[in-house]
Amino acid sequence: AAGGCKIAPPSARAMWGLAGGDGPLAECPPPLSPPLQRVVEGSLRPVLAVDVRRPGFPVLAASRGFATLFAAAEEAVGAGVEGLLSWGAPQYAVSKSANKNLDSYCRSCGSQGVEDISETTVMQPCMVKGDSVAMVLSLLGLCDLGSRRLVLVVQGVLAESLRERVPQAKVREMEESLRCAFRQLRDQLKETVFEDEVVAPQAPAMAAAQLTFYRPRLQDHCILSNGGSTVSRREPDELHSGCLVFSSRPVTPSPEQDSGLCMALRVEALAAGFEGLPLLGFTRRRPVDGPELYPAVSSCLGQSVLIGREGKAFARDQHEHFKMGFKLPPAHEVETWTPPGTWVAPKLREGDIVSCVYTWSGRLTLALNGRTVLEFDVGRPIDRDAEYYAVVDVCFSAGSLTWLAQARAAAPSTAQRSDVIASCSRQAILSEQRVSASNWKSDGTLSTIEPHDDDDDEESVVLRTAASSSCSSLPSVLPADGDDDEEEADAPLSRLDEVSFDDDVSQDIGAMDTLSISDDGQEPPPPPPPPPP
């Protein structure tokens with residue numbers, strides 16, 4: 001890095017703001033240049049420029065507006081941002097969760113792998129001029145200037161005293177005002193060119209067929225990297241949601257007759273403490289930079305069909321998001337589907353491929369490594385005249401996801417899956433292999449499969465599960481590079497729905513080495529007696 005800074009290698013947990021010790025912080029950042037300092041100090045709004053690559057996140061510059069409003073103006077430069085935002089406030093009124101969010105955000109911004117990150121807000125009491133304590137809303141945003149990475153803190157007073165109640169509408173209104181002020185100041189800093197400042201290199205352009213995530217406005221805990229094709233959830237072990245993203249352009253429909261819309265993502269990192277799948281789907285709402293872009297609850301997204309999470313599917317036809325209250329949404333607002341019986345979410349692993357297919361006829365499918373785990377008929381065929389954007393909610397056990405090429409997202413249709421199952425059963429019957437009695441474990445699982453080396457005239461038939469290697473024709477969404485994990489060879493014997501044999505056969509497998517059945521399904525005649533000596 002410029003200026004001789006020593007930056008630790010980026011990692012998923014460093015980008016989440018969970019790195020141990022100082023994590024990706026630099027040891028010797030260059031001082032803030034005088035031109036940059038003048039830009040920050042000239043702002044009439046309360047603004048702080050924070051160095052996120054230095055332990056303690058010290059304040060490098062404070063604006064004229066900050067010096068006019070707050071009592072800690074003289075101690076601002078050089079002080080840690082955490083203590084400065086709650087300076088002079090009683091300890092019982094200081095929010096610990098807000099300080100934790102502040103620390104996580106600054107650590108994430110200091111990570112070398114982070115390209116874009118959502119703004120976040122912190123509400124803390126702070127002493128203002130006149131020795132009174134007011135409730136202050138602070139918006140934090142990343143300003144990447146190449147050799148210098150800053151977090152700009154733009155502030156506004158919500159209430160003159162701690163006893164004053166603040167309506168949520170006022171909080172949202174002030175948040176939007178602070179966001180506009182932050183963007184103006186960030187653009188002003190980026191437009192200024194100095195000799196000691198290096199313009200950040202642009203991320204490599206992604207291939208035309210590669211989807212990227214929508215950048216102009218991100219949800220509260222979103223982090224983008226890898227040219228905008230990887231999304232990570234900040235504080236994944238603490239929060240199960242808050243990272244809903246859209247594709248930057250409409251999804252191109254598949255030319256196949258029944259495939260429709262499809263997408264696939266690779267699991268880059270997991271979140272501890274949560275169980276469940278990410279929520280995937282499609283929406284006809286075009287993402288637009290505005291306060292109404294994201295719903296409070298992801299399943300209430302307008303004009304969308306979604307599937308995942310705890311094994312459910314959701315659909316809403318209205319353009320506006322449904323505002324969730326204390327009751328579940330009625331069916332005419334958000335229609336919900338649940339699988340029959342007890343459904344247990346499969347556990348994700350790093351490197352897994354999660355795919356979603358929305359067919360022209362209106363079926364919504366979620367697959368994991370090419371195997372369908374959820375499928376519902378949502379009764380909403382694809383509108384051929386509308387544009388659909390991909391929706392990804394990095395929630396529950398998923399901590400980081402990366403787009404894969406659209407060509408890899410295709411999953412087998414319902415008819416294809418039926419043909420595959422039948423084909424696997426036929427291949428299992430006709431496979432010239434045998435199963436030794438010693439291969440069956442006590443729990444009813446098959447440990448090994450040996451090749452059939454007998455020279456019998458009759459055709460030897462073996463019980464094989466549909467998950468064995470004979471079903472190599474099963475369509476898959478796995479990438480072509482072969483990095484996926486191999487299928488497990490063990491399968492319970494009790495899964496008779498995946499085993500094919502004639503109904504007339506009734507044999508004790510544990511008492512014989514080879515099970516042979518003639519073509520007509522009858523037991524072959526006993527061998528002739530040996531000739532006399």
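Good morning. I shall begin with one turn: in the hairpin formed by β5 and β6, four residues lie between the strands, and Gly146 adopts a positive phi near 90 degrees. Please keep in mind throughout that this is a predicted model.

The protein chain has 533 residues, of which 49% are buried. It contains seven helices and 21 strands. If we take the contacts in the chain with a separation of 6 or more, 65% of them are between residues 24 or more positions apart.

As a reminder, strands of a sheet pair through backbone hydrogen bonds, and the pairing is either parallel or antiparallel. Here we have an open sheet of five strands with antiparallel pairing, in the order β2-β1-β6-β5-β4. At its edges are β2, residues 59-62, and β4, residues 120-128, each of which pairs on one side only. From one strand to the next, the twist averages 30 degrees. Helix α5, residues 96-109, packs on this sheet and touches β4, β5 (132-144) and β6 (149-159). The direction of α5 makes about 120 degrees with that of β4.

β5 and β6 are joined in the antiparallel sense over ten bridges, and Leu137 stands opposite Gly156 in β6. On to the pair of β1 and β6: these strands are antiparallel over five bridges, with Val47 standing opposite Val154 in β6. Strand β1, residues 47-51, also pairs with β2 in the antiparallel sense, over three bridges. In that pair, Val50 stands opposite Val59 in β2.

Why is β6 described as largely enclosed by the rest of the structure? The reason is that ten of its eleven residues are buried.

I turn next to a pair of helices. In general, two packed helices are described by the angle between their axes and the distance between the axes. Helix α2, residues 34-41, packs against helix α6, residues 168-191, at an angle of about 160 degrees, and their axes are 10 Å apart. α2 is therefore roughly antiparallel to α6, because an angle over 145 degrees counts as roughly antiparallel. The crossing in which α2 passes α6 is right-handed.

Which residues of α2 and α6 meet? From α2 come Leu36, Val39 and Val40, and from α6 come Leu185, Gln188 and Leu189. Of the residues in this contact, five are nonpolar, one is polar and none is charged.

Phe314 has Thr336 in β14 as its bridge partner.

To close, let us return to the opening hairpin: its strands, β5 and β6, pair over ten bridges, and Gly146 has its positive phi there. Thank you for your attention.

Notes. Residues are numbered from 1 along each chain as its sequence is written. This is a predicted model: local features need pLDDT of at least 70, side-chain atom pairs count only at pLDDT 80 or more; totals for chains, interfaces and linings use all residues. Side-chain values use heavy atoms; hydrogens and water are left out. Axes are lines fitted to C-alpha atoms, for helices over the stretch in contact, and angles run from 0 to 180 degrees between N-to-C directions. Helices (H or I, at least four residues) and strands (E, at least two) are DSSP runs, numbered from the N terminus. Angles under 35 degrees count as roughly parallel, over 145 as roughly antiparallel, 65 to 115 as roughly perpendicular and the rest as oblique. A crossing is left-handed if the near helix is turned anticlockwise from the far one by less than a right angle, and right-handed if clockwise. Contact means heavy atoms within 4.5 Å. Ala, Val, Leu, Ile, Met, Phe, Trp, Tyr, Cys and Pro count as nonpolar, Asp, Glu, Lys and Arg as charged, and the others, Gly among them, as polar. Two strands pair if DSSP finds at least two bridges between them. Buried means under 20% relative accessible area, exposed over 50%, partly exposed in between (1.4 Å probe, protein chains only).
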